[in-house]
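Dear colleague,

Please find the structure below, handed over for your studies. My findings follow after it.

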Amino acid sequence: MEDTAVRIFWAADSTVQTNDITTYPQTGIGQVFSLYTREGVVLSNHAKNGRSTKSFMDEGRLAVIEGQMYINAARKHHAHPVLITPLERRCFVDARHLGMGAHSDYVAAMKQTAEKNRVPLVDLYSMSRSALKSAGEPDSRSWYMYFDAGVYENYPEGKTDNTHLRYEGAVRFAGMIAQGLRELGGIYADLLLDGG
């Protein structure tokens, strides 16, 4: 019997990966994205911590080459690639203002890659920066692995991680990606629940 399922394949880093009980409450965007997809869409999450080279992410080097590799691989398998800019980190300089974006050079390279290769792009980076500014420093902590001692058994001393997400943040940022796909229209919007 032929498999006719519509599939979404994630190729990303630890902010998207599926977590297990050992890292609870850490939750990846790909782990919760099915909340926004219609019935019959199967998610295949290959995101993993360390899959993106740290220097590549931090310095934005070779972004165009890396983008070209992913795009060619997707097209070779008759898939429809979409580039998604990275999630912004909590980089507040005070209660309401964010500092220089952690991935700004990389984001610029991704946008150039998308344009050059005629690939749709969802700008999660800009959407997440806007959401962080609106929420402010204290309220955005609940989206990330940022909490006091004694809140979670796995982290008795607490955690001040401004990169990785808890469930609320993963759902919020997955919703932004869904919004971006909906705005692309066509086959991308067709993956999603109506009005989600």
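Which residue lies over the face of Tyr146? The answer is Arg90, at 4.8 Å from the ring centre. A charge sits over a ring if NZ of Lys or CZ of Arg is within 6 Å of the ring centre and within 35 degrees of the ring normal.

Please note that this is a predicted model, in which local features need pLDDT of at least 70 and side-chain atom pairs count only at pLDDT 80 or more, while totals for chains, interfaces and linings use all residues. Residues are numbered from 1 along each chain as its sequence is written, and side-chain values use heavy atoms, with hydrogens and water left out.

The chain contains eight helices and six strands (DSSP runs numbered from the N terminus, with H or I of at least four residues for helices and E of at least two for strands). Their order from the N terminus is β-α-β-α-α-β-α-β-α-α-β-β-α-α. Of the 196 residues in the chain, 46% are buried; buried means under 20% relative accessible area, exposed over 50%, and partly exposed in between (1.4 Å probe, protein chains only).

The aromatic rings come next. Rings of Phe, Tyr and Trp (its six-membered ring) pair if their centres lie within 6.5 Å; planes under 30 degrees apart count as stacked, over 60 as edge-to-face and the rest as tilted. By this rule there are seven aromatic pairs. In one of them, the centres of Tyr24 and Tyr152 are 5.9 Å apart and the planes stand at 85 degrees, so the pair is edge-to-face. Tyr24 lies in the loop between strand E1 (6–10) and helix H1 (29–32), and Tyr152 in the loop between strand E5 (144–147) and strand E6 (159–165), so the pair ties together parts that are 128 residues apart in sequence. Tyr24 is partly exposed, at 47% relative accessible area, whereas Tyr152 counts as buried at 19%. Ring pairs also link Tyr24, Phe147, Tyr152 and Tyr155 into a cluster.

Finally, consider Thr37, which is placed in the loop between H1 and strand E2 (41–45). Thr37 has 7% relative accessibility and therefore counts as buried. Leaving aside residues up to four places away in sequence, Thr37 touches Ile8, Leu43, Leu191, Leu192 and Leu193, where contact means heavy atoms within 4.5 Å.

Yours sincerely
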